[in-house]
Amino acid sequence: YRVLAGALIYFLLLSVFYLLQNIKELQERMEREASLTAMLREAELNKLRAQIRPHFLFNSLNSVSALTLSDPPKAQQMVIKLSEFMRYSLSMAEESMSTLKNELYHAGLYLDIEKVRFSDRMLVEETIDETCDDWPVPAMILQPLLENAVKHGVYTLTTPSVIRLTVECRDKFLFIVITNQFDPETSSRKGTGTGLRNVSQRLATLYNRTDLITVNKTQNFYSILLKIPASRVES
């Protein structure tokens, strides 16, 4: 009986040892997988952010090039605004998140650049709830959408065009609405949808949700609604 009891205890302890060892290996494997997932998510975000800067820079430099001959003072204004905007863009290269206040300020720089280009043809109306200033938002999330509003709206019209930006926060969400007029015949022939696709992919990556962007299109108006949750998915 003593030998049998000793053997039983030995096998019981051995089983517990291997069980603990397996649990430890499982935890380590889960940690490695979580780390890999975080790295992949960050790599995806870096890739998506990298698509924004060259696209915007290419368009802006084309505008500067045209203005250097027709209106050098405006070209100088544009270069100064572009320099400040790009400085922000580069400073946020390693960050996935910013604040609404920062995003609105630098989105304003982008709009100032385009105002130099389009002059009185481009009007901007803003309704901003200042209590939302500190809301965390993905860095560089507004510029691609505003660029779409310019490219598919202001650029397609010969008459003055209004871009409306509305921001409010309620029910644990930040709501951002960008609306612009457009010419349906001209707008349909422009663009590849890179900016909108980029924003949609970034939101899905950061928040693990696919219902945070809504596009509404009527005969002459185009509207985009962003819903930014109060917190994002942690890696």
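1. A cavity here is a set of points on a 1 Å grid over the protein atoms alone where a 1.4 Å probe fits but cannot get out. Points are joined across faces, edges and corners, and the volume is the space filled by probe spheres set on them.

2. Before going on, keep in mind that this is a predicted model, where local features need pLDDT of at least 70, side-chain atom pairs count only at pLDDT 80 or more, and totals for chains, interfaces and linings use all residues. Residues are numbered from 1 along each chain as its sequence is written, and side-chain values use heavy atoms, with hydrogens and water left out.

3. The second largest cavity comes in at about 30 Å³. Its lining (residues with an atom within 4 Å of a point) consists of Phe85, Tyr88, Glu103, His106, Ala107, Met140, Leu142 and Gln143. H2 and H3 are the elements giving two or more residues to that lining, and H3 gives the most, with three. Helices are DSSP runs (H or I, at least four residues), numbered from the N terminus. By class, the lining has five nonpolar, two polar and one charged residues. Ala, Val, Leu, Ile, Met, Phe, Trp, Tyr, Cys and Pro count as nonpolar, Asp, Glu, Lys and Arg as charged, and the others, Gly among them, as polar.

4. Now for how H2 and H3 sit together. H2 (residues 72-91) packs against H3 (residues 100-118) at an angle of about 155°, with axes 9 Å apart. Axes are lines fitted to C-alpha atoms over the stretch in contact, and angles run from 0 to 180 degrees between N-to-C directions. So H2 is roughly antiparallel to H3 (the term covers angles over 145 degrees). The contact (heavy atoms within 4.5 Å) includes Phe85 and Tyr88 of H2 and Glu103 and His106 of H3. Its residues are nine nonpolar, three polar and six charged.

5. Helix H4 (residues 143-152) is the other partner to look at: H3 packs with H4 at about 20°, their axes 10 Å apart. That makes H3 roughly parallel to H4 (angles under 35 degrees). Ala107, Tyr110, Leu111, Glu114 and Phe118 of H3 meet Gln143, Leu146, Glu147 and Val150 of H4. That contact divides into six nonpolar, one polar and two charged residues.

Key: Angles under 35 degrees count as roughly parallel, over 145 as roughly antiparallel, 65 to 115 as roughly perpendicular and the rest as oblique. On a 1 Å grid over the protein atoms alone, a cavity is a set of points where a 1.4 Å probe fits but cannot get out, and a pocket is an open set with protein on both sides within 12 Å along at least five of seven lines; lining residues have an atom within 4 Å of a point.
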